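Work through the exercises below on aromatic rings. Each task is followed by a solution in steps.

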Amino acid sequence: MEIHIRGLKKYYYSEGRTIKALDDVNLTIPANKIFTLLGPSGCGKTTLLRSIVGLETPDEGEIKIGDTVVWSSEKNIYVPTEKRGLGMVFQTYAIWPHMNVFNNVAYPLQNQGMPKAEIEERVRETLRFVQLEGFEKRPATKLSGGQQQRVALARALVAQPKVILFDEPLSNLDAKLREETRKELRSFLTELEITAVYVTHDRIEALALSDTIGVMRSGKIVEIGAPKKIYFNAEHQFVADFIGRSNLIPAKVKQQKDSFTVVQTSLGEFVCKERDYPLDSDLTLCIRPEFIDLAEEGALDQKNTLSGVMETMVFVGDVYESEIRVGDVLFMAKVDPETTLEVGDPVTFSVKPEHCLLVSE
Amino acid sequence: MVKNRQSKLTYLLIVILALLTLSPVVMLVIGSFSKGLNTFGDFTLAKYISVYTDPSFYAVLGNTLIFVLFSALFSTILALFLAYLNNRTNIPGKFMFKVISVVPMMIPHVLFAVSWALLLNPSNGILNLLLMNIFRLENAPFNIYSIRGMIMVEGLLDLPIAYLIIAPAMASFDISLEESSRVFGAGNMKTLFRITLPVLRPAILAAFILCVVRCLASFAVPSVLGMPGRTYVLATYIYRTVTTGFIADYGKAAAVGMSILILSISLIYVYRYMTRSSEKYVTVSSRGFKPVVIELKKARIPLFVILLIFSFILIMLPILVLLYTSFVPYSMVPSVKAFTSMNLDHWKNVLNDPVSLSSLKNSLFLCIVGASLGTLLSIFISYVIVKVKNKASGILESLSFLSFSFPGIVIGIGFMWFFVRTPLYATIWALLIGYIATYLPYGIRPMTSAFIQIHSHLEESSTVCGASFLTTIRRIVIPLLIPGIVSGWILMATMFFRELSLSVVLSRPGTETMAVQILKFSNDGLWGRLSALGIIMIGISVLLVITANLVGNHFKPETN
């Protein structure tokens, strides 16, 4: 089911200041895909999720799930949370501690008044799906973090909702388990063909899990796109910087040539991936550390070549995380761990034009 | 060497604590099988037979059950309601909840009960007279001298205890447990009954059980409000056994006391089990957890008014009634006539009454010396419980917890059997020892939590920084302990100052305490003098708490 959000606003007032948690959000969440709301804490992503599920009341706007308007300030519609028929996995899992696994998972069905035999069948099926077969009688408090997470997922899926919402469900797991669960979750959700809305502040989680990412900042959706588009081809400095580490250099558009855009920076001219901005536009040149190509000295006839001095090198296993000084700019660069370079050595490097990304404010 | 000294200290403390807590129990048991105070140890079953074959005893038992269960239920439900309002709604004036949970401790129970008798007694209760005037009634509409009246007053008195247990549980409740219930199709009511209340069940039951134990031990309310209407509960039944009749029958009293004591001890251990198992309901709490507040909308102001009325009833009303009564010559409805005839006669009478003055002296002595000794003992015991942590310290903890369940009047009977055999009988020291033995857990609890706060790393890092042992104690341990010491001292001091149920058994002419003197005034119907003395008592109680707080603040570790 598609979710349509129109003109959604939610303001908080605290200590005489207005905080715009949702600042005129317009968004269509595609059906049967995994949509992720990504942003730093306080950007409004959780408020948006909670407005969809009905735990938060916006000030203005409209929310439509499928063909049903569940909230509208104009039409004065509010469908209470319990009538929206959604599934949700909470950040704390919210597993009820006084019930066993069976009753936790059966709860949504019991509220629908489903016959007992059918409930049992459905719960068993769902628990098998999340690989918790045989855990029915286990008290909720006797579960590990990962198991609690699966119970929460089973409970969200059991009533076969058309939409399922996730509020940072992996943030309480340790790193290794988080990686595994992420993979599993993606395969569960693609198998089910269900509309999933996922909230996270973890960029790797968003990239690995989503079909579409919506990046939020200060109550606004800044950019929407597939993970690769967001990573390689962001249009805004905030998005480019948030999704991965980048070298950011102020740049001015000089000319459009041969399907490249040429800009002027304090380090000279750069030939960049084409972007349709008028001449003299003030932009930012964004270069990811992994796209800095170190070259043998003198063997360079490529564009965008720079020379500098290796200033720091930190060995982190798969690469050296290093910094190269060029003039008054420090370039972050990822260097082959088997390099013979040392701190203080002169370095020449180049960046391919398709890796020089121009972004606006 | 340190270990050796520690274990010596532990065994010394066990001996002291065993003497304090076990001796009255042992004496009570032996006493209940003895023929009389002077024939201690002459075995007989006569006392048990005479008590448990007496049909009137079963009427008393019935009264006790009704009184205890309904009072505890009343307090628990009220506490639940107030805790919910405080933690989960946007009701204004939240500081009131703190007031409700702390201030009533400064008002002695006997005075609270008396103030209700002054308001609602059937012959000349102020409120009754007022209602009769307004509605031209023939009879008083309310009779506080009834089991219903007792339940109401006792329920209000135990409200803070229940609140202090339920409110923290309510505050730490993970709101997403309720939200998820709503997402999965349950409405507000269903969520309340299927999620909220069941998750809070351990705290609710713990509060209820503690209230039951307190009501079982309660003496002030049943004596002031029950005895005039001849409604006896076990506590007052024991009191009657030892105070009326030709000779006081301490054997029979001990035999009755045994059943309260056994019940009380078992309940306290159930309580302990419950509060321990309540830990299993601790859930992962989220980062940036923001408690969702229920918008009260139209109900906001009415609920606030109810809250105001509650605090008024709990705190202001008793004080106002006593103040008023202390100035008017006899019980009358507030009117121009009443206010013009006000005078200081009752105050003069009290201040010239040698017994009242000596009771004031006794109470102050017991409160200040007793609380200080009790706190000192608590420091050592808590130190061993928290820091030494061996098998013996486990025994110490259980022993110190035992007296938590001691109903004052029963333990008083036990001590009576003990002291009568010693030169301490009928001295103030008998009361002092009894107080410390009965109320020690109230000193130990804040001290243990203070000690737990002092992680051994704090002491160790001080040593690493070059401080000597004494410097570490002076600059690290003591400052961190001060809040615990102060709150333990205040708790004990206020309890000692208002102590009644143990005192009525142990005090003799010359060693009356203020609460005993007030009860005597109440029995004699001398309401004016009672009120004057009561106001003095409340005043001193408040002064004590304020002073102790100031002293505590003075020594507090530096904070901004």
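## Exercises on aromatic contacts

In this predicted model, A:Arg155 sits over the face of A:Trp96, 4.3 Å from the ring centre.

**Exercise 1.** Find the residue that lies over the face of B:Tyr232, and give its distance from the ring centre.

Solution. The residue is B:Arg240, and the distance is 4.3 Å.

**Exercise 2.** Count the aromatic pairs over all chains, then classify the pair A:Phe232 and A:Phe291.

Solution.
1. The search of the whole structure gives 26 aromatic pairs.
2. The ring centres of A:Phe232 and A:Phe291 are 6.2 Å apart and the planes are at 35 degrees, so this pair is tilted.
3. The partners come from distant parts of the chain, 59 residues apart: A:Phe232 belongs to helix α7 (residues 227-232), and A:Phe291 to the loop between β15 (282-287) and β16 (293-294).
4. A:Phe232 has 38% relative accessibility and therefore counts as partly exposed.
5. A:Phe291, with a relative accessible area of 15%, is under the 20% cut-off and so is buried.

**Exercise 3.** Classify the pair B:Tyr435 and B:Phe496, and state whether each residue is buried or exposed.

Solution.
1. With centres 5.2 Å apart and planes at 45 degrees, the rings of B:Tyr435 and B:Phe496 form a tilted pair.
2. B:Tyr435 is in helix α19 (residues 428-453) and B:Phe496 in helix α21 (residues 469-498), 61 residues apart in chain B.
3. B:Tyr435 is buried at a relative accessible area of 1%, and B:Phe496 is buried at 1% relative accessibility.

**Exercise 4.** List the residues that ring pairs link into a cluster with B:Phe33.

Solution. The cluster joins B:Phe33 to B:Phe43, B:Tyr48, B:Tyr52, B:Phe57, B:Tyr58 and B:Tyr237.

How values were computed
Residues numbered from 1 in each chain as written. Chains lettered and ligands numbered in written order. Predicted model: local features only at pLDDT ≥ 70, side-chain atom pairs only at ≥ 80, totals over all residues. Heavy atoms only, no water. Phe/Tyr/Trp six-rings, centres within 6.5 Å; stacked < 30°, edge-to-face > 60°. Helix = DSSP H or I, 4+ residues; strand = E, 2+ residues; numbered from the N terminus. Buried < 20%, exposed > 50% of the residue type's maximum accessible area, 1.4 Å probe, protein only. Lys NZ or Arg CZ within 6 Å of the ring centre and 35° of its normal.
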